[in-house]
Amino acid sequence: MVIPTYIQPAPPQFFLLTFSVYENVDQSWCDDLASAIKKHNIQATIFFSGKIAEKFPKCVKTFPTNVDIGSQTYHYVSLSSIPDYTLQLKEIQLGKQAVDDAGNLNSKLFKAPYGTTDDNIYSLLTRSNIIADFSYNDQYNKYYNGQFVKFQLKSYNGTNNTVEFFHNLPTNEPIAINFDSSTPVNYIDNFISKIKSKNTVFLDASELTGLQLTIRNEVMA
C-alpha cells in the first residue's frame, strides 16, 4: 500500500510596498501607479512631499482606499541638516498639511527624507499628530502608551534587488520594499506580477501597525 505524502504549503511572505513621491512625477505617473495597484488588488503605502502634493493635488486623491497616504516633509529635505527645532517642526507640519489638504484626509504616518533624523524626531512627530514613523531601513516606530516604540522591519530598495532576492528572504517577519517616483510604472507593474507568483500577502502601514493611519474625510454631497 502506498501512503500518500502530504506536503505542507509554504507559509506566505508578507510585504509592505511603499512609494516615495518627491520628484520626476506628474499626474499620469500617479494614474498609472493607481491603476497597477487596482489591477493587482494589493495594498500599498505612499509618501508624498508637501511640495509635490501642492503641485499635483490630484495625485494624492488618485489612489484607492486600500492605500495609506503619508508625508515626508514639505521640501523633501534632510531634517538633520536643519539646525533649528522650530524650522524642523515647520517643515514636517507644512508637509503633512499639504498632503492632507490635497487628499482631503488626515495622514498620521511619516517617512524622513534620506532616512536621516536626529534626537528631536519623536517630539516633532508627536507635536505634528503623527503616530507612525517609517524613516529607517531596519525598523518602524509607532506611538503606543504615550511613547514611540520600535518594531523590527527590514527595508530594501525594489529597483536594486531582484524578485528572486525577495522570494529567498525569511518568511517569519514582514519585509518593506521601497520604490520612488523615478521608477517607471511598467517596471513596478512587472515587479508586482513576478513577486505575486509565490504565496505573498501585501500589507499597508495601517494593517502592519494595527493603527488607523489614513483617515479620509467624507465629501459632502
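1. In this note, buried means under 20% relative accessible area, exposed means over 50%, and partly exposed covers what lies in between, with a 1.4 Å probe and protein chains only. By that rule Asn178 is buried, since its relative accessible area is 14%.

2. The model is a predicted one, in which local features need pLDDT of at least 70 and side-chain atom pairs count only at pLDDT 80 or more, while totals for chains, interfaces and linings use all residues. Residues are numbered from 1 along each chain as its sequence is written, and side-chain values use heavy atoms, with hydrogens and water left out.

3. Asn178 belongs to strand S10, where helices (H or I, at least four residues) and strands (E, at least two) are DSSP runs numbered from the N terminus. Its side chain makes a polar contact of 2.4 Å with the side chain of Thr18; a polar contact is a pair of N or O atoms within 3.5 Å, of which, within protein, one must be able to donate a hydrogen and the other to accept it, and residues adjacent in sequence count only if both atoms are side-chain atoms. Once residues up to four places away in sequence are set aside, Asn178 touches Thr18, Lys111, Ser155, Tyr156, Asn157 and Gly158, contact being heavy atoms within 4.5 Å.

4. Strands S1 (13-21), S9 (154-157) and S10 (175-180) each give at least two residues to the lining of the largest pocket, and S10 provides the largest share, with four residues. By residue class, the lining has twelve nonpolar, nine polar and two charged residues, where Ala, Val, Leu, Ile, Met, Phe, Trp, Tyr, Cys and Pro count as nonpolar, Asp, Glu, Lys and Arg as charged, and the others, Gly among them, as polar.

5. How many salt bridges are there? The count is two, a salt bridge being a side-chain nitrogen of Lys or Arg within 4 Å of a carboxyl oxygen of Asp or Glu. In one, Asp189 pairs with Lys39, with the closest N and O atoms 2.7 Å apart. This pair links distant parts of the chain, as Asp189 is in helix H7 (residues 185-195) and Lys39 in helix H1 (residues 27-40), 150 residues apart. Lys39 counts as exposed, at 54% relative accessibility.

6. The salt bridge between Lys96 and Asp100 has its closest N and O atoms 2.6 Å apart. Both residues lie in helix H4 (residues 85-103), four residues apart, or about one turn of the helix, and both Lys96 and Asp100 are buried.

7. Ile52, in helix H2 (residues 50-55), is buried at a relative accessible area of 10%. Beyond its neighbours within four places in sequence, Ile52 is in contact with Val21, Tyr22, Glu23 and Val25.
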